[in-house]
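Work through the exercises below with the sequence and the model open. Try each task before reading its solution.

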Amino acid sequence: MLALTESVRESATVPDDWIVTLGEQLALVAALRERASIDVLPLGLPDGAPDLDEEAPLVYEGISQGAIHGQALLSYAPEIRAASLVAGGARLVELPLHQAADTMVAALPFLFGDFSPMDLWVTMSLFQAAIDRQDGHLHALHGQNERLGNVTSPNLAELAPLGPPRQGPSVLLTAGLSDGYVPNRVTRSLAWVLGPLPWIGGMPGNGVGLPIATAPLRGNLADGATGAYIELVPSGLARPAAPGCRPESLPIPLEMLQEGHFCAQLAEESIRRRVTFLRSAIDEAPPLVIDPFAGDVSR
């Protein structure tokens with residue numbers, strides 16, 4: 001954040017870090033197809049068989065920052081059949097405000113002299129306007145419009161017909177309640193943008209218009225793809241914790257089980273659900289979102 005601040009102060013520009021990463025991800029997707037004939041394995045003794053299957057479907061898992069980047073990638077990489085996004089998907093300015101607003105205010109006199117808290121909030125608003133073209137959360141809207149058969153018109157205020165809708169990627173979006181790194185409001189917002197994705201185990205009237213569902217799910221979105229949003233409850237809250245985030249879930253340190261950001265990543269049921277989702281996307285389409293506590297997960 002300090003490097004970003006210095007760039008704005010010295011050159012009045014916002015670094016293109018996020019959009020460059022998106023470009024690199026898209027280049028990798030293209031390279032996987034273009035380099036499918038490479039044969040280097042086993043190392044030193046290539047076996048004459050291509051190391052990559054160019055016909056195999058692609059899947060993506062992004063965790064934390066990987067999920068933040070992934071929300072944009074899915075809009076421009078139709079080669080990706082399914083994606084698991086975990087504990088990410090944020091609007092960029094909301095991250096530092098959510099994580100360290102008090103620290104930022106306390107640091108103002110050292111960074112900017114008489115810069116006031118009100119100046120900070122105004123500056124952050126201006127920064128978000130400057131970063132909008134890179135913000136993955138906004139790029140995710142592009143994918144939703146294509147899924148619906150719409151395209152944003154030049155004035156950005158209306159939707160115009162694009163043509164036949166295309167099936168978007170299947171998406172499993174996993175979050176942790178009371179995430180101290182990525183606010184729940186933005187993961188819920190992303191769930192709406194990407195579908196809307198039904199909230200497995202969510203409460204009716206959740207405030208963001210997400211439908212409620214129970215697992216198993218397959219092909220449940222209007223375009224035939226699979227989609228689901230899940231929030232795991234960490235240990236230490238008033239609500240019962242997810243089984244994989246309870247104190248007995250050692251050797252995971254208790255402080256990680258009490259943080260929604262890590263509970264979403266490390267809970268055993270979260271890992272099982274994500275692995276099954278991505279493997280089923282490769283073996284068949286659309287992929288399956290399981291109930292990891294059901295005896296039969298093949299439904």
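**Exercise 1. Aromatic pairs**

Count the aromatic pairs in this predicted model, then classify the pair formed by Y181 and F262.

Solution. 
- Step 1. The count is 2 aromatic pairs.
- Step 2. Take Y181 and F262. Their ring centres are 5.5 Å apart, and their planes meet at 65°.
- Step 3. Planes over 60 degrees apart count as edge-to-face. The pair of Y181 and F262 is therefore edge-to-face.
- Step 4. Y181 is in the loop between β5 and α7, while F262 belongs to helix α9 (residues 260-266).
- Step 5. Check the accessibility of each. Y181 has 37% relative accessibility and counts as partly exposed. F262, at 22%, counts as partly exposed too.

**Exercise 2. A pair between strands**

Classify the pair of W199 and Y229, and say which elements hold its two rings.

Solution. 
- Step 1. The centres of W199 and Y229 are 5.3 Å apart, with 70° between the planes. This aromatic pair is edge-to-face.
- Step 2. W199 sits in strand β6 (residues 199-200), and Y229 sits in strand β9 (residues 227-232). Because the partners lie in these two strands, the pair ties together parts that are 30 residues apart in sequence.
- Step 3. Are the two residues buried or exposed? Both W199 and Y229 are buried.

**Exercise 3. Backbone exceptions**

Solution. 
- Step 1. Recall the background. Most residues other than glycine have a negative phi, and most peptide bonds are trans.
- Step 2. P42 falls in the loop between α2 (17-34) and β1 (58-63).
- Step 3. P286 falls in the loop between α10 (268-283) and β10 (288-289).

**Exercise 4. A serine in a helix**

Find the element that holds S189, decide whether S189 is buried or exposed, and name the residues it touches beyond four places in sequence.

Solution. 
- Step 1. S189 is part of helix α7 (residues 184-193).
- Step 2. Its relative accessible area is 17%. The cut-off for buried is under 20%, so S189 is buried.
- Step 3. Leaving out residues up to four places away in sequence, S189 touches R91 and H137.

**Exercise 5. Confidence**

Say how confident the prediction is over the protein chain, and where pLDDT stays under 50.

Solution. 
- Step 1. The chain averages a pLDDT of 85, and 86% of the residues score at least 70.
- Step 2. Compare the elements. Strand β3 (residues 150-152) has the lowest mean pLDDT, 52. β10 has the highest, 98.
- Step 3. Over residues 152-157, pLDDT stays under 50. For this stretch the model has 4 contacts beyond four places in sequence.

Conventions
Residues are numbered from 1 along each chain as its sequence is written. This is a predicted model: local features need pLDDT of at least 70, side-chain atom pairs count only at pLDDT 80 or more; totals for chains, interfaces and linings use all residues. Side-chain values use heavy atoms; hydrogens and water are left out. Buried means under 20% relative accessible area, exposed over 50%, partly exposed in between (1.4 Å probe, protein chains only). Contact means heavy atoms within 4.5 Å. Rings of Phe, Tyr and Trp (its six-membered ring) pair if their centres lie within 6.5 Å; planes under 30 degrees apart count as stacked, over 60 as edge-to-face and the rest as tilted. pLDDT is the predictor's confidence in each residue, from 0 to 100.
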